[in-house]
Amino acid sequence: MHVFTLNGVRIECGLPVMLLIPAAIAFDVLDQMLLLFVSLSLHELSHAYMARRLGAVVYSVEIQPFGFCARLKDGVKLSPGAELLIAMAGPAFSVMAALSGMGIFSAFGKELPLLEDFIGINAAVAAVNLVPVSVLDGGMALKAILSVYVSRSRAVKITGYAGIAVSVLLTAAGTYLFIGGGGFSMPLFGVFLFFASIKEIRRANMADVGRIAAHRRLSGGGMRVRQLAFHRSTRLFCVLSELHYGSYNSIVILDDDMRGMYTVDESTLLSAAEKLGANAQLFDLIPK
């Protein structure tokens, strides 16, 4: 849902976030929640400002239950250095906001009761976003650094799997603390990070499918035939990673006894990956 437009950037908010408002009122934490939204808005707009300075076009910022997500228009290629600067702009602003708050608190702290919360919130936003996993700013920075040495897709997958590992730890630790009387924000954040990381990995797998398909469409002339064999439970993205660019690949699908069940060519495999998703299994390609 479109809330308002600020400096040409659409600010959008989904239903889950709208439901947090009555919950905040019920638990008497509305002031803190509003401070969190203001801090996160300024944090994300810092990313947007830096992106614009470096030539990217930001067309929307979406408010999510545990943060904000800025969307850039397609078609602008950014260098790893530019991506790193954009990723670190948010945490840098949050750190400066917390330090500024501390300076104001030392002079007028007693007259501004919410200032302590403002300092704590911005410090927490900076610290959490510096964790180098998946959709967080630290993960974006790590992806930019890794993309200098490995493919963009592999960099996304590395931070995605790191995000899954961290999310499992957060969910387990948060659940333990919640049972002991602690809050529920940690396990909820762990669940959010888990699904966000999986989404990033799937997006990277589909990008691989598109890249391979484009390469195949552009290739011409004769090719050697190369035959590969995989168990029927193998995921399509695993098979795609084994395709040899200089050959035309034929894939034999094996059962549990290592006997051939069905054979598909690479064109059928690519079409299935684009239609069913790269996480589908070879078994899904066998006619029922």
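This is a predicted model: local features need pLDDT of at least 70, side-chain atom pairs count only at pLDDT 80 or more; totals for chains, interfaces and linings use all residues.
Colleague: What is the phi of Met258?
Modeller: Start with its place: Met258 lies in the loop between β6 (247-254) and β7 (260-265). Helices (H or I, at least four residues) and strands (E, at least two) are DSSP runs, numbered from the N terminus. Although Met258 is not a glycine, its phi is positive, at about 65°.

Colleague: Which residue forms a salt bridge with Asp255?
Modeller: A salt bridge is a side-chain nitrogen of Lys or Arg within 4 Å of a carboxyl oxygen of Asp or Glu. Asp255 counts as buried because its relative accessibility is 14%. With the closest N and O atoms 3.5 Å apart, its partner is Arg259.

Colleague: How many residues apart are Glu200 and Lys143?
Modeller: The structure holds 4 salt bridges, and one of them joins the side chains of Glu200 and Lys143 (3.2 Å, N to O). This pair links distant parts of the chain, with Glu200 in helix α7 (residues 185-218) and Lys143 in helix α5. Both count as buried, because the relative accessible area is 11% for Glu200 and 2% for Lys143.

Colleague: Which term describes α3 against α5, roughly parallel or roughly antiparallel?
Modeller: Axes are lines fitted to C-alpha atoms, for helices over the stretch in contact, and angles run from 0 to 180 degrees between N-to-C directions. Angles under 35 degrees count as roughly parallel, over 145 as roughly antiparallel, 65 to 115 as roughly perpendicular and the rest as oblique. Helices α3 and α5 (residues 137-146) pack at about 165°, with their axes 8 Å apart. That makes the pair roughly antiparallel.

Colleague: What is the angle between α3 and α4?
Modeller: A crossing is left-handed if the near helix is turned anticlockwise from the far one by less than a right angle, and right-handed if clockwise. α3 passes α4 in a left-handed crossing. The axes of α3 and α4 (residues 115-129) are 8 Å apart, and their angle is about 155°.

Colleague: What is the relative accessible area of Val95?
Modeller: Val95 is in helix α3 (residues 80-108). Val95 is partly exposed, because its relative accessible area is 38%.

Colleague: How far apart in space are Arg232 and Gln281, C-alpha to C-alpha?
Modeller: Arg232 sits in the loop between β5 (224-231) and α8 (236-240), and counts as partly exposed at 26% relative accessibility. In sequence, Arg232 and Gln281 are 49 residues apart. In space, their C-alpha atoms are separated by 6.8 Å.

Notes. Residues are numbered from 1 along each chain as its sequence is written. Side-chain values use heavy atoms; hydrogens and water are left out. Buried means under 20% relative accessible area, exposed over 50%, partly exposed in between (1.4 Å probe, protein chains only).
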